[in-house]
Each structure stands twice: as C-alpha cells, then as structure tokens.
Amino acid sequence: MGMVYVRADAMPSPDLQPVQHQKPTLVERNTPIDLQFSAPSINASEVEDAYLFYKTDGDMAYSQKKVAFMGTNFSTELQVADQQASELEYYLRIDLNDGSSVTYPKEASDSPVRVEIVNPKKTDQQKVVEQTGVDYTILSPDPGVTVSQEDVVIALTLFYEPEEIDTSVTFRMYVDGSEVTEQANASDYFYSYSTEDLSMGKHQATFEVETSDTTFVLADWNFSVVAPGQRVNAFTGQEQQSWIPQGNVELRAQKQQVGGYPNDALSGNVRLSGQKGNVSYSAYGLLTTQEDPRLQPQNRYGLNLYVGNWLDLEAGHVYPTLNKFTIAGQRMQGINVGLHAWNESLNLELIYGNLRRGIDNIYNEITDDEQTIDGAEGYVLNVDDPGTYQRKVAGGRLGVQKDETFNFGLNFIKVEDDTGSIRVIDDYNDIMEVNPNLAGNLTEQEKQTLENNPDELGVSGNPSPKGNFVAASDLAVRLDNNRIEFEADGAISLLNQDISDGALTQQAADRIGFEIAESTENILDQLSWLIVINENMDTLPIRFDEQASETSGELFFPTSILAGQSQLGLSYFNNDLKLRYRWIGPGYNSLANTTVRKDIAGLSVRDRFRLFENQLYVTLGYEKLQDNVVGYKEATTNTINYRGNLSWYPMNQDLPRVSLGVMKRTRDNEVALNNPLVASLNGISEQAAVQNIATQNGDTVTTATPRFSETYQFNASVSQEFSLLGSTHDASVNYSLLNTTDQVFEYGDSQSQSISLRVVNHFDGLPLQTNIGFNLNKSETSGGLNTVDIMGANIGSSVFLLDRKLNVEVSLAYTQNRSETTPLVVSDSNTPQLSIDDYYEPASADVVTATESNSYIINTRTRYNLNDAHSLLLDFKYSNVRNTLASAATFPNDHLLQLRYIYNF
C-alpha cells in the first residue's frame, strides 16, 4: 500500500449539489422566459455575485448575465432572438465571498442544462388575422399604460385587402363594454375615439370584427386614467415626459446567524428614471454595511443615459458585451458608451474601467526554512491571503451594418493588472518598509543577517500581475429574409502571466540564458503600451536557435494564439440546417471572457425538421472535435458527439408538451493500453495501472495515458396544464440519465440520474397559489466506489389578503443527503524502487467515509402594501442540519430575519 491518490479525471469530488432548478420543457423563440434557481443551503450574505452563462447551438463561448438573488432564490429573464437557434445551453455560477464558486449543474462545462428552442405559438391576433384577413396596430393608448383624463384617445389602424375579406364584415368599437362606434372618427382603415368623460381608474377597449355568422374580437386591451395634471406612476409603463425622476427607495435591516456567528447588516438602495422627448436616463445605487476592503465591491452604483438612437452611455457597475471572443457580459466598474451614426449604419462602442479592484496581501511572520543554503540558514515569508491586483480593462468595437442583412465589426480589448495597486514584498528590505512586525520572530543576529543579504528571504504565495490583449473581427450576412445566415469570427490574443518586470530586455534575456537583437528589444519596448512581452508570456513569440556556443532568439508568429469560427445556416421547407467549423488554439486567452473553450478544432452539423405546423420538432446533430491542434501534445484526443431530440409542442393546451433527447459521446486518443508488468500480477487488471509504458530501443519508458470512453445521456421533460377540482394546475417532470463507461481505466466508470417533479396550483376564485416539488439525485463515480444520494422535497404557498394588499409566502424544504467515499490508493507491488508497476486499488475499509444528513429549511415572506407608494416586507428563514450518523447535531442552526421598507415615487 502507498499514499491515497485521487485521479482528477476519474474521481470528481462527491460534494453535494446545493442548487435546485426545474428546467423548462421548451423555450419559445423571442419570448421571455423566467429561470428560477433555489439554493436553500447558501446564505445570501455569502454571495458576492451570481451569473447565468448561456449560449445557443454549441457556440464556442458563453455570454453571461447577472442574476438577481433574494434570500435563497436566484432568478433571471432570458430571451432567444436567433431565428435559426435550435438549442439553449446554460448554467448558473454563484460566486461566494471566500473566492469559491458553486455551479448548477455541478459539471457545468461538460453537462450544462440543455433546452430545445421552438417557434412561438400563434398569438390570438395571428389567429384572428388568419380567420378574418384583417390585421391591426394599436395607436393609443398602449396596452397597460396610464394616460391623463384630458388626453384619452383610443385609436387603431387596420390592414386588409378588401377583395380578400367577407363583404358582410362590419367593425365595432367598445369602451368598458359600451359600443362607441357611432361616436368614433372612422374610415375604412382607421378608427379613433376621444373623450374626457372617463373616470379615473382602469378601463378596457375592445374592437370587434363581425361577419354574417361570427363575431371575432380583433383587439382587446386595458389602460388606466388619472386626473388632469397628475403625474404618471413610473411603474405603469407610460413614458414619462418630465426630467423629474421617478423610482423607489428601499431600506433594509437584517439580523442573521450563519454557522454560529452573527452577520447583521444594514443597506439601502435607490432607483431613479426619467424621460423627456427622445432623452431618457436611469440611475441606481446600493450602500451596505457589508462593504469590506477585503472583498470585491459590495456597494454598487450606476447611471444610464440614452439620447435617441445615436447615444448609449452606461457608467458605474456595467456589464458590457463586444463579442464572445473579447468580453460578453462580465461585470466592470467604469463606462460603456455607444455611438450610432447614419441610422445605425456606423457604430462605435468603447469600454473603460476595472474588472476587479486591488486587495492587498496579508503575510505571516518570517519562519525558518529548516534548510541550509551554502551552509547558511534560510528564511521564508508565506502569504496568508494573496490578495489581487486591480485589473483594468479598455476596449472597443467599430461596426458597420446595413439593416439586418450585413454586419461587420472590429473589436479589441486590453486587460492589464495595475502593478502598483497593491504592496508586494519581494525581499527583506521590503519588509522593513511595509511591515517590520513581520520580522518579530527573528533574533537580532538573524535580522542583521537578512539586512546584509535581503535576497536570502524566500517569499512564497505572491500573486502575479497579468496582461492580456485580444483583437477580433466578426461578420454576419443574412439573405432571403434571414433564410440564409453566414457568420464568421476570428481573433488573436496575447497573454502574459507576469508583467511585473516589464518588457524583455537584452540584459534580462542574457540572465535567462539566450540573446535577442537590439532591434527585437526595441520592438518589444514599443509594443509594451499594448501588451508587455517577456519570458512570462503564455505563448512566447520568440523562436530559439540553439547553437554550440550560444542560444539566440528571434520573433515569430505562433499560430496557437489564434481562434476562429464560421457557420452557415439555411432555413427552407420547414427545415433548418446549420454547419459550423471552429479552430481555437491552446494559447488563446481572454481574461474578460474565460468561457472560451481552448485547444479545440472540428466540424459540427445540426439539422432540424419542423412538422405538423411547427408542433413536432425533430433535431439531429453530429460533431467531431479534436484537441492538440498545434501538435504540442504526445497524443490527440478525438471527441465525437451524436445527438437527437424530439419535441412535441401542440397548439391544443389540453395536450402535454414533451421533449426527449439522447446523446452519445466517444473520446479516444488512440493510445493503446500497455503495462505488462501490472498485467502479470495475479488478480490485478492491467486497466488499474498508474502508468502506461512502452519499450523503445530496449528501454522501458512511460507514454501518454490512454483514453477511450463512451458516454450516453438521456433526457426527458414533460409539462402539462390541466384543471382539476375547480383549480388550474401546471405540472412538469424532468428525468436525466448520464452514464460513462471507461474502456481503459478500471475505476473510470460513472453514472448519475435525477428526477424532479413540480406542480403549481392556481385556485380559481381564491387569491391562493401553492407549489409542490420533489427531486431525487443518485450518482456513482470511480466505478461505484463513490456514491451520492440526494432526496429533496419542498412545499410552498402564496396567498393575497386584505384586497391583495397583504401577500404571505411560506415554504418548507427538506433534504436528505447521503454519501459514501472509498478512496483509491497506489500499490507499489512490493517494489518501491520501481514506479512503472504501480497500480490503483480501493483503500481498506477503515478509511471509507460515509456521511448522512437531514436538513430542514423554513422560509417566509410577508409583504404589506400600505398604499401605492409605501410597502413593508418581512423575511424570515430558519435552517436545521443534523448529521444522522452522529449522536448530536454537528451544525449550528442558521436564521435570518430581515425587514425592508420600500417607497415608490
């Protein structure tokens, strides 16, 4: 037996998944969808930020969007506009204050949530247009807005061909159920009715098309009326024609205990908005007592200004997007300005600010190294908290477009850490300047020794300032009413892992052991304003020429820093075909978008058939990708994906919506398994070998680790709206199975399956809504050595009382977690002097660990609207976690009590 060893690609951590999510069965194109996540075991005070990462049809990188969170619930709204997209992929990432992150799904990079995209069902307006041949546009008031009593004008315009509609057609206009057709200003294609007699409050406008045998409601909408001179409320949707701001102010106080420690906080935020003519603005600010210089900013602020269609200005904490190769929604503190000229034919976008702020290092006191260096004792200064450099970003995009048919853009972005933003200790002299107390453990003689030889102090854990430059282009061409779409993107990047010493000089090159020409040094110096180039480049653009007497270097162009993607989409005869090719080098990096998948190249084909008036969707996909695109690895891994999906989206609401998906993925690097030393051991499988070996020229050498695995995935989702016992219910069921079989590693198999159920109940005639949820997750890794079982159930209700002024929400969640872990150990085959015959085997029973816990979480929220302007909210949360394998609870109970006051103006 040897040391306990965890193989990274075969034994994922059995940590429990704290986030729950019921994915939608299908996503309608151009229709907002609300994505909800629940994390009952994560306290809001631990959360720094939360983001949804999303893309369609296997794009090379994700866009990201900030997710709002309140208590333990995370939510965001998403809308897919791509007319040829067939699948949405997304995952949630929750960044915690301690620097760690939680994702849903847990293996987000390999298995994000995937949902089929379908065309939206025909609206009521579209159905009436098909039946009558009459279309319309509401001119005023817009649905849902508020207008002054003296400005009420109800108007709409009609579109139809007289020869194509029934000659008996008549049009009728109603206000609050009373016909006003005779009082309206009417023509064949226009109806308008004005009055100053409508009372304050909500009203309904209706326009009907009457034929010889049927009456159709062509348009039906609501609006509100206020007294003359009264300001329109900011939340009614009416465009405010005043510089005076509207908005809300919120004050919050919370009393919280987390892990047995108090975490009380006060906060306040304000949101303002106003508009006059074609100029509009909005602003927000958040101040909290949880602001901490050791964390990224908890206080937030922002200001947005829009002038017509030619200026967009965002300042403060913003989330800019240039393109996916550069930056796509990452939070930045700075400005984002867009200028649009000639009816948006020429567009310029510029960004400047900080991706993160600087946080100083925290050092421990100097300790003895317990080693000798040339007979002298050594000393070490360790970093307790490495801190971070302030990271600055500047970038822009210059684009040219013509309507929706052509769009071309040039993008650049520069990201560079500010080397002066934090104090870094490199030697003993720095300690004397920054913090002499760090030498408190040393004797006077030791201090004198380090004063004479300050470089003898070793410093471990300092962060390295980075620099990054990316240039990218994007092209989009759409023809034949978007039935033909062609897109192409290309990019180049440079990344320096440590810019602290500046650009490479002849002297620095000489110290390293090679020479560069003076002309090369001058070029590197001239480029330093854009990117600092030295020996710490991720991909060094210098080719070394080793000769007998010396080593010299010259500039060259490394292809590994390139990235590109092109795709062609064709949409004809209810069939959508998309072909994509990508090539992304291993040296491509963007510090402003780290989701770009590197070292990958290959072709993907996806074809979708739409049948039965867009009710049945059949999708087939094939993708072949490979790594090692520049040949720097010993072996190349080929990944082949086959996908199929069947989606049923009936127009009849009484029928269920169904989505079924299957996937097969193979990964193979074509390296043969070979270790005859392990294979010769009795009862030991060759697949358990730690190393793969080969014989070359009579010598035994280690070779690349063989890889050959097959993964199968099946997903099913069904949702249904139905009526039962006088109530309306919306039920959905999701099932997922993921199974991986490893053909070359004994303990590489894994399997996971999950099922979740959610039912939302709306009680007709009662201001009550309830929901019930259940989920079950079972997973096995390392060939069954590690198991995790999670069972959860929750029930909740929301009720409106006192004429809907009082809203009470209550939920109870129960989760049972059980895990059992058997680590792998390395056996040396009783030959400790020889490593190539080592093999993996399960550890003995005495090191097997098992955990089982039950948790109960109660959440309540009460909101009371005193009137339209003032509201009070009270939130309470209580959680209890008990380890059932121990005699007593091992976790303290957590609770949260939060009071909020909201003033709308």
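Visitor: Which residues does arginine 665 touch, not counting residues up to four places away in sequence?

Guide: In this predicted model, arginine 665 touches Asp110, Thr639, Ile640, Asn641, Ser709, Glu710 and Thr711. Arginine 665 itself sits in strand β46, which spans residues 657-668.

Visitor: Is arginine 665 buried or exposed?

Guide: Buried means under 20% relative accessible area. Arginine 665 has 10%, so this residue counts as buried.

Visitor: Which residues form a nonpolar patch on the surface?

Guide: Trp310 belongs to that patch, together with Leu339, Trp342, Leu346, Leu348, Leu350, Leu398, Val400, Phe406, Phe408 and Leu410. Together they have about 1000 Å² of accessible area. Strands β29 (346-356), β33 (391-402) and β34 (406-417) each supply at least two residues of the patch.

Visitor: Where is confidence lowest and where is it highest in the protein chain?

Guide: Where pLDDT is low, the predicted coordinates should not be read in detail. The protein chain has a mean pLDDT of 86, and 92% of its residues reach 70 or more. Strand β31 (residues 367-373) has the lowest confidence, at a mean of 59, while β34 has the highest, at 97. Over residues 371-376 the pLDDT is below 50, and this stretch has three contacts in the model beyond near neighbours in sequence. Residues 1-15 are also below 50, with 36 such contacts.

Terms used: Residues are numbered from 1 along each chain as its sequence is written. This is a predicted model: local features need pLDDT of at least 70, side-chain atom pairs count only at pLDDT 80 or more; totals for chains, interfaces and linings use all residues. Side-chain values use heavy atoms; hydrogens and water are left out. Helices (H or I, at least four residues) and strands (E, at least two) are DSSP runs, numbered from the N terminus. Buried means under 20% relative accessible area, exposed over 50%, partly exposed in between (1.4 Å probe, protein chains only). Contact means heavy atoms within 4.5 Å. Patches are made of residues with over 30% relative accessible area and no salt bridge: like charges are joined within 9 Å, nonpolar side chains (Val, Leu, Ile, Met, Phe, Trp, Tyr) within 5 Å. Accessible areas come from the Shrake-Rupley method with a 1.4 Å probe; for residues, only the protein chains shown count as cover. A salt bridge is a side-chain nitrogen of Lys or Arg within 4 Å of a carboxyl oxygen of Asp or Glu. pLDDT is the predictor's confidence in each residue, from 0 to 100.
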